[in-house]
Amino acid sequence: METTPQPRARATRDVWLGAAYDLLVQEGIEAVKIMPLAKKLNLTRTGFYWHFKDLAELHNALVDIWQDRNTGIILERCAGPADSLCSALFQLTDCWIDPELFDAPLDLAIHNWARNDVKLQKLVETSDEARLDAVRAIFLRFGMPSEAANYRALTTILTQSGYYSKQVVETRMDRAQAGCHYVEVFAGERPTQQEIDDFLSRHREGKPQ
């Protein structure tokens, strides 16, 4: 006796976004198209239009994820309470060590995409400037002169972004150990042993507080 084939379940918006994210970080924005997504999910392209008006809407949703996940967390960490300059910088450095805080592959993919998209490039530039302003504000908050604060903030941002643009591979604890030295360089002063211990402890345990 033949059975009637069951219709495939309709994927949620998040499922489509997840597949689009994977293609973006692995292959670039050129790969994020409706048919490759449908094939990846073993779905028909019709299901895509239940959640997105068109491909541009999906692309915009990916950019929104990037802004919330990456720029948002940097601004939040920079504005957080801290008892010292080194403590504040350690809170920021958490972002570049814990992948649950800052999504480095997504950041690299968005910046690469922006090279060929004028509108996105302007948004990326605005976002990068907001990040720089936030890091600069840390140094200013703890009494650093304006010019020094600017260049120390630039050094902080460019050093850390260099790690993921070069796709440096190392263990989380090796990265955290390096972070202790970077904070000393950025701050121009040695962190206290308690600050170092607290920082290393939260990465040894797996997640910043």
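**Reading a helical model**

Tutor: Going from the N terminus, the protein chain's elements run α-α-α-α-α-α-α-α-α. Helices here are DSSP runs of H or I with at least four residues, strands are E runs of at least two, and both are numbered from the N terminus. This is a predicted model, where local features need pLDDT of at least 70 and side-chain atom pairs pLDDT 80 or more, while totals for chains, interfaces and linings use all residues. Residues are numbered from 1 along each chain as its sequence is written, and side-chain values use heavy atoms, leaving out hydrogens and water.

Student: How many helices and strands does that make?

Tutor: The protein chain has nine helices and zero strands.

Student: What does pLDDT say about the chain?

Tutor: pLDDT is the predictor's confidence in each residue, from 0 to 100. Its mean is 92 for the protein chain, with 93% of residues at 70 or more. Over residues 1-8, though, pLDDT stays under 50. For that stretch the model has three contacts (heavy atoms within 4.5 Å) beyond four places in sequence.

Student: And how much of the chain is buried?

Tutor: Buried means under 20% relative accessible area, with a 1.4 Å probe and protein chains only. Of the 209 residues in the protein chain, 44% are buried.

Student: Where does UniProt place the "DNA-binding region"?

Tutor: UniProt positions follow the numbering used here, feature names are shortened, and annotations may be inferred rather than shown by experiment. The unreviewed entry puts this feature at residues 33-52. That span is 40% helix and 0% strand, and its end C-alpha atoms lie 12 Å apart.

Key:
Buried < 20%, exposed > 50% of the residue type's maximum accessible area, 1.4 Å probe, protein only.
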